[in-house]
Amino acid sequence: MNAYTPVLTGTVTKYVVVESFEITPADLAVRGYEISDGAMIKETCFGLVINGREEEVDRIITELRKVDPDHIFVKDRGFPPGDTRRCRANLGGARPGYHGIEQEMTIIPYVSHGLEEIKKRDSSEIPPPKNPLEYHLLDIDKLKNLMEAQES
Amino acid sequence: MAKVFIYPTTSLILSDMVARFGHTPLSSAVAIRERIQTPGLESPPLQITPEEPKKGLKWAAVEVPSGVRGRMALYGPMIESCEAAIIINDADFAFGCMGCARTNELVKFLLREKEIPKLDLNYPKNEEEGVVFVAAIKKFLSGLGGTP
């Protein structure tokens, strides 16, 4: 086994995912470069990957969120940008974590709508969510009706 | 500012919601980052060394596959340190990409055993469900204190 020497230690990496009709990752990247003070910013098809000191990355993200607050989403990333162990260019195919983002990108428009609406609506008017742990078993009367309908 | 465990631990939506409303999301990226930035022996791609399944013995028995124990070495400390949890129950992508389904079951079990505030949800499937989803998360996180 070889010794492992980490790079970019003491930094954090975050994804900025854009799902907006008004701005593109390129627009956001330009804005990021303008306000960046030593952070590494990489533009991707779905947004940006930002690496740098934690306070610097948080400052950039706070500014970027102002561009379109309800359509910009942020999450942490373990690897720095372009890391050969994760980068698509080296692996030949989608980065493993991309599939998760791809799946959630189909849901994000509903979440963006929710973020917009909760500012307009009174929170007391919004019903609580259904509890997913309460499994709705088939009611015995409904089953009986189904059986009778099938037999007749 | 509370530490909120999110499940699926790679969720972009949950990670963003928790940070947006003023709390700290505990996601797998944070655990991976610790290992990626720690010097030692090379063990690509995730720097998961043979030591991790040993650490995982704290949460899973020795006859449990090492894949589960190795993953528990990442998630176990986060479950212990979390002060609240948000769980999405119909996350299809949590199977496969995120790893062993048995780990997911164990993670959910440990969260349910722990006496902390928990929010169980499903992903929204239309715009109205999106409003309910966001409102529920906001209300839950506001109840934890901090500055939303």
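Guide: Buried area is the accessible area, taken with a 1.4 Å probe, that two parts lose on being put together, summed over both. The structure shown above is a predicted model.

Visitor: What area is buried between chain B and chain A, and what do carbon and sulfur atoms give?

Guide: The size of an interface is often given as the accessible area lost when the parts come together. Here, chain A and chain B bury about 4100 Å² between them, with 65% coming from carbon and sulfur atoms. The contact draws on 49 residues of chain A and 47 residues of chain B.

Visitor: Which residues of chain B lose the most area to chain A?

Guide: They are Leu12(B), Arg20(B) and Arg33(B), which together account for 17% of what the chain B side buries.

Visitor: How many salt bridges does the rule find across the interface of chain B and chain A?

Guide: The rule finds 3. Among the salt bridges is that of Glu128(B) with Arg121(A), in which the closest N and O atoms are 3.0 Å apart.

Visitor: Which residues make the contact of H4(B) with H5(B)?

Guide: H4(B) contributes Gly67(B), Val68(B), Arg71(B), Met72(B), Tyr75(B) and Ile79(B), while H5(B) contributes Arg102(B), Thr103(B), Leu106(B), Val107(B), Leu110(B) and Leu111(B). Of the residues in this contact, 8 are nonpolar, 2 polar and 2 charged.

Key. Residues numbered from 1 in each chain as written. Chains lettered and ligands numbered in written order. Predicted model: local features only at pLDDT ≥ 70, side-chain atom pairs only at ≥ 80, totals over all residues. Heavy atoms only, no water. Contact = heavy atoms within 4.5 Å. Helix = DSSP H or I, 4+ residues; strand = E, 2+ residues; numbered from the N terminus. Nonpolar A, V, L, I, M, F, W, Y, C, P; charged D, E, K, R; others polar. Salt bridge = Lys/Arg side-chain N within 4 Å of Asp/Glu carboxyl O.
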